[in-house]
Amino acid sequence: MQRLPALLALAAIVAVMMLMVRLGKLEDRLMRFENANGGAPAPAVGAPVLAREPLQEVAPYMGRIQNYLQKYVLATRAGNEKLAYFYVDEIEESMEAVADMDLIDQGIPISAHMRTYGLATINTIEDHMKEDGLTRADADLELLVNTCNTCHERTGHDYVHIQLPTNSRFSDQRFEP
Ligand code: HEC
C-alpha cells in the first residue's frame with residue numbers, strides 16, 4: 001500500500017507528458033495553418049473563414065526570376081559566358097529564397113517543388129557551364145523553360161506559360177562581352 005503515492009506520482013508525470021506531446025502537435029498544426037494562410041494569423045474560433053489571399057511572398061521572386069531568365073538568354077545569345085553565369089547564379093539565389101520559405105500552400109508543397117524542379121535544374125545548368133561554358137546553352141535553356149512550366153503545372157498555375165524571349169526589352173544594357 002506504500003507504493004500507492006509513488007504510483008500516483010508516476011501516473012501524474014505520464015499524464016503531463018502526454019499533455020505536452022498533444023500541445024506540441026497542436027502547435028505544429030497551428031503553424032502549418034498559418035503557413036497555408038500566407039503567414040496570416042489563424043482566425044479566432046467561430047470567425048468566418050475568408051477566401052485565401054493569393055501568395056504575396058512567391059510572386060516577387062518569380063518576377064525577378066523572369067527578369068534574370070531574359071538576361072541569361074540575352075547574355076547567352078551574345079556569347080557572354082561570364083554574364084550568363086552571373087544571371088544563372090541570380091536565378092539560383094531567388095529559387096533558394098523560395099525553397100527556404102518552407103511554404104505549403106493549400107496542401108501544395110511549393111518550397112519542396114522548388115527544390116525538385118527549379119533548384120535541381122539550375123544546379124545542373126551551373127555544372128554544365130562550369131564544364132563546357134556555353135556549348136550546351138541551347139539545350140539548357142529549353143530545359144529551364146520546361147522546368148518553369150512543369151512547376152507551374154504542379155503548383156496549380158498552369159496558366160503561367162514561360163517561353164524564351166524573342167527580343168531584348170533592355171535598351172539600356174549591352175549583353176556582348
Ligand atoms: C515552385 C516551383 C516553381 C518554379 C520552378 C518556377 N515557378 Fe514561377 N511560379 C510558381 C508559383 C507558385 C507561382 C504563383 C505565385 C503566386 O501565386 O503569387 C509562380 C508564378 C510565376 C509568374 C507569374 C507572376 C509574375 O511575376 O508575373 C511568373 C512570370 C513566373 N512564375 C516565372 C517563372 C520562371 C521564368 C521560372 C523558371 C525560370 C519559374 N517561374 C519557375 C512556382 C514556380
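I started with helix 2, whose 20 residues reach 29 Å from first C-alpha to last, close to the 28 Å expected at 1.5 Å a residue. Expected span here is 1.5 Å times one less than the number of residues, and helices are DSSP runs of H or I with at least four residues, numbered from the N terminus.

Housekeeping: this is a predicted model, where local features need pLDDT of at least 70, side-chain atom pairs count only at pLDDT 80 or more, and totals for chains, interfaces and linings use all residues. Numbering runs from 1 along each chain as its sequence is written.

Just after helix 2, I found G79 with a positive phi of about 70°.

Next, burial (20 or more other C-beta atoms within 10 Å of a residue's own, C-beta placed from the backbone). In helix 2 I noted V58, I65, L69, K71, Y72, V73, L74, A75 and T76 as buried. Their cover includes helix 3 (81-100), helix 4 and helix 5.

Then I looked up V88. Leaving aside neighbours within four places in sequence, V88 is in contact (C-beta atoms, placed from the backbone, within 7 Å) with Y72, I122, I125, E126 and M129.

Last, the ligand. I counted 23 residues around the ligand, with A59, M62, G118, C148 and C151 coming nearest; a residue is near if its C-beta, placed from the backbone, lies within 6 Å. Helix 2 (58-77), helix 4 (110-132) and helix 5 (137-154) each give two or more residues to that shell. Helix 2 has the largest share, seven residues.

How values were computed: A residue is buried if 20 or more other C-beta atoms lie within 10 Å of its own, exposed if 12 or fewer, and partly exposed in between; C-beta atoms are placed from the backbone. Two residues are in contact if their C-beta atoms, placed from the backbone, lie within 7 Å.
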